[in-house]
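Work through the exercises below with the model open. Try each task before reading its solution.

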Amino acid sequence: NNKVGIGTNNPQFKLDVTGSLGVNASSLDTNWAFVVSDNSSAGSRYSLNKLGSMGFNNADNYAQLQLLGSSGAYVDFTNSVGGDSNARLIYYAGARLDLTYGFAPKSTISVTPNAIGIGTTNPFWALDVSGTAIRSFASGAVEPGFIVDYASSNGYGGLFIHTNGVRKWRIGNVGDTDASNPALFIWQEGVGARMYFRNNGYVGV
């Protein structure tokens, strides 16, 4: 029937293989459905398991697509065949994950185990933005803005203003002995409160 079977006497395709198919694959890779290897201690270069997951560079295929490299792995995006990468998704092993456009820190989003950076590859805060401005915009009935929320037992919350990494000002709110009139305050670090706004309309300077 013009078909070739390996491991089967009833081939259904032009080449029908029952079992694992390897190209220069080592014996360690025979559990995979398809393996391409250089037959060295590095293991498989490309592998496809029976569940449909694909791995690169000896990845173990626990995910649908998995990349592995000794110092990390990356995926390039380009708009031309053979052209330079326009953007890249990079995993630095154990350190951070970057999504970058143009490979400049200012156009990079970095995710580390404890922080997210926008415009910086070394975020210090939970969300660390390096740039000239942050804009909140919405149309229609949705109100744009930024929300600062905190548990009162954790002390003062609010918006903190730093200069060269040093906190200088704070705008926040705190309750006082009159629970019905919590205060919005402007606080200068090292000096104290500069201005209070109360719910009853009073302003303290």
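**Exercise 1. The hairpin of strand 9 and strand 10**

Task: Find which residue takes a positive phi in the hairpin of strand 9 and strand 10.

Solution: 
- Step 1. Go to the hairpin; 3 residues lie between the strands. Strands here are DSSP runs of E, at least two residues, numbered from the N terminus.
- Step 2. Look at the pairing. Strand 9 (residues 87-92) and strand 10 run antiparallel, joined by 6 bridges. Two strands pair if DSSP finds at least two bridges between them.
- Step 3. Find Y91; opposite it stands L97 in strand 10.

The model is predicted: local features need pLDDT of at least 70, side-chain atom pairs count only at pLDDT 80 or more, and totals for chains, interfaces and linings use all residues. Residues are numbered from 1 along each chain as its sequence is written, and side-chain values use heavy atoms, with hydrogens and water left out.

**Exercise 2. T100**

Task: Decide whether T100 is buried or exposed, and find its side-chain polar contact.

Solution: 
- Step 1. Locate T100 in strand 10 (residues 96-101).
- Step 2. Apply the cut-offs: buried means under 20% relative accessible area, exposed over 50%, partly exposed in between (1.4 Å probe, protein chains only). T100 has 5% relative accessibility, so it counts as buried.
- Step 3. List its contacts (heavy atoms within 4.5 Å). Not counting residues up to four places away in sequence, T100 touches A87, R88, I90, S107 and T108.
- Step 4. Find the polar partner. The T100 side chain makes a polar contact with the side chain of T108, at 2.9 Å. The cut-off for such a pair of N or O atoms is 3.5 Å, and within protein one must be able to donate a hydrogen and the other to accept it; residues adjacent in sequence count only if both atoms are side-chain atoms.

**Exercise 3. S130**

Solution: 
- Step 1. Beyond its neighbours within four places in sequence, S130 contacts I118, G119 and T120.

Definitions and conventions
Helices (H or I, at least four residues) and strands (E, at least two) are DSSP runs, numbered from the N terminus.
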